[in-house]
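Please read this note with the sequence and the structure open beside it.

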Amino acid sequence: MTDFDAVHERRGTGSSKWSKYPADILPMWVADMDFPAAPEIVDAIRNRLEHPMLGYGVARDELRARIVEDMASKYDWSITVDDIVFLPGVEPGFNMALKAMLEPGDGLVVQTPVYRPILNAAGHWGLVRNEVPLRATEQGYVMDVDPLASALARSRALLLCNPQNPTGKVFTKDELTEIAALCEKNDALIISDEIHCDLLFDGRRHMPIATLSKETANRTITLMAASKTYNIAGLKTAFAIVQNKEIRERFAQSRLGMVDSVNILGLEATLAAYTHASDWKARMLAYIQANRDYLSEQVASRFPAIRLIKAEATFLAWLDCREMGLAPDPQAFFLERGKVGFSAGSEFGAPYGDYVRVNFGCPRSLLSEGLDRMERALAAN
Ligand SMILES: Cc1ncc(COP(=O)(O)O)c(C=O)c1O
């Protein structure tokens, strides 16, 4: 059984998170958790390796059927095995969607702050990025309808991120309904990155936007993966659900020459995650929810000038450090003076240079060490 408190040495294992900085820096940046994969997943990979043929992979019928069942049981969403397109990642998925469905010069809406590859995607395909900011309130992050409506009126598509990275916002059914109505009005495609869909806190339930109506499903490409939830992102396996056949064919066609087939061990790991690792997931979720609460209590008591709205999902916290006046910016300040490596707010949009994103998907002792490092940096300032 996984001990989520155990700290494992990850340096020297080819981990991107632990290779970015020298040994004296505690890395708390990329969305990769410092927990071992569920034993059920590791066993499935080991079992697959008993057969020593590791050629090109394709999803087995069991995995397709498992995803169909999962969508029905989790979201009351009726899809067929043919609606699923396997991909080596969600990021290639949204780029394939943009390549397939939009033309250079078309507008693309993104809600900021947002995960950098979503922010930058428009630029890869000659699209015009129309940014609509989310707004921080006491109740959490909210979306304002008017600016979204005017951005969609100038756009061919929305690249939605739900649950949202970096704010941890979970869009409500009402908000999703507003979004879907505006997309219908403007005949806009919805590309919905739902990679964090299994990481909701406080009993919240994820709602794929495509489940709102047949009309919405018909204009939506949904992207999911087991990678974030089960900490297997290095296995490069994700999938799209596209119910509109014409869109699906264009989408699938757009991988040619660019997006490769899927990792065979990733397919086995994904099947094991969805079939055997639900207890692990429940324990992990309880652990990171407690980390979220600990982080927000500690920030409130030790750094009252930092504003932190509790994440509703994900293992990411978005810290508003604007009142602190940290030079040259909070990420560089905490890195240089505190030896703790957060993600820089500017990655998530130009106005967010005075924010940092903190990854709290780690043993509590590492989170606590990160907070101590922040405190030491500020004390020496
Ligand atoms: C919102 C979001 N989408 C996509 C990705 C990357 O997904 P993949 O590794 O499957 O390309 C991440 C990783 O952090 C993410 O947070």
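1. The model under discussion is predicted. This should be kept in mind when reading the distances and areas that follow.

2. There are 13 residues around the ligand, and those that come nearest are Val90, Asn165, Asp193, His196 and Lys228. By class, this shell holds six nonpolar, three polar and four charged residues. Helix α4, residues 90-101, gives the largest share of the shell, with three residues.

3. In the side chain of asparagine 165, an N or O atom is 2.8 Å from a ligand oxygen. For lysine 228, a polar side-chain atom lies 2.8 Å from an oxygen atom of the ligand. With glutamate 91 the backbone takes part: one of its N or O atoms lies 2.9 Å from a ligand oxygen. Of the 390 Å² of accessible area that the ligand has on its own, the protein covers 93%.

4. Which pocket does the ligand's space correspond to? The ligand takes up the space of the largest pocket. This pocket contains about 1,100 Å³ of space. It is lined by 45 residues, of which Ala31, Asp32, Lys228, Ala233 and Gly234 are the closest to its centre.

5. The lining of the largest pocket divides into 21 nonpolar, 12 polar and 12 charged residues. Helices α1 (16-19), α4 and α5 (116-124) each supply at least two residues of this lining. The largest share, four residues, comes from α4.

Note on methods. Residues numbered from 1 in each chain as written. Predicted model: local features only at pLDDT ≥ 70, side-chain atom pairs only at ≥ 80, totals over all residues. Heavy atoms only, no water. Near = heavy atom within 4 Å. Polar contact = N/O pair within 3.5 Å; in protein donor to acceptor, adjacent residues only side chain to side chain. Areas by Shrake-Rupley, 256 points an atom, 1.4 Å probe, with all protein chains shown as cover. 1 Å grid on protein atoms, 1.4 Å probe; cavity = no way out; pocket = protein on both sides within 12 Å on 5 of 7 lines; lining within 4 Å. Sits in = over half its atoms within 2 Å of the grid points. Nonpolar A, V, L, I, M, F, W, Y, C, P; charged D, E, K, R; others polar. Points joined across faces, edges and corners; volume = space filled by probe spheres on them.
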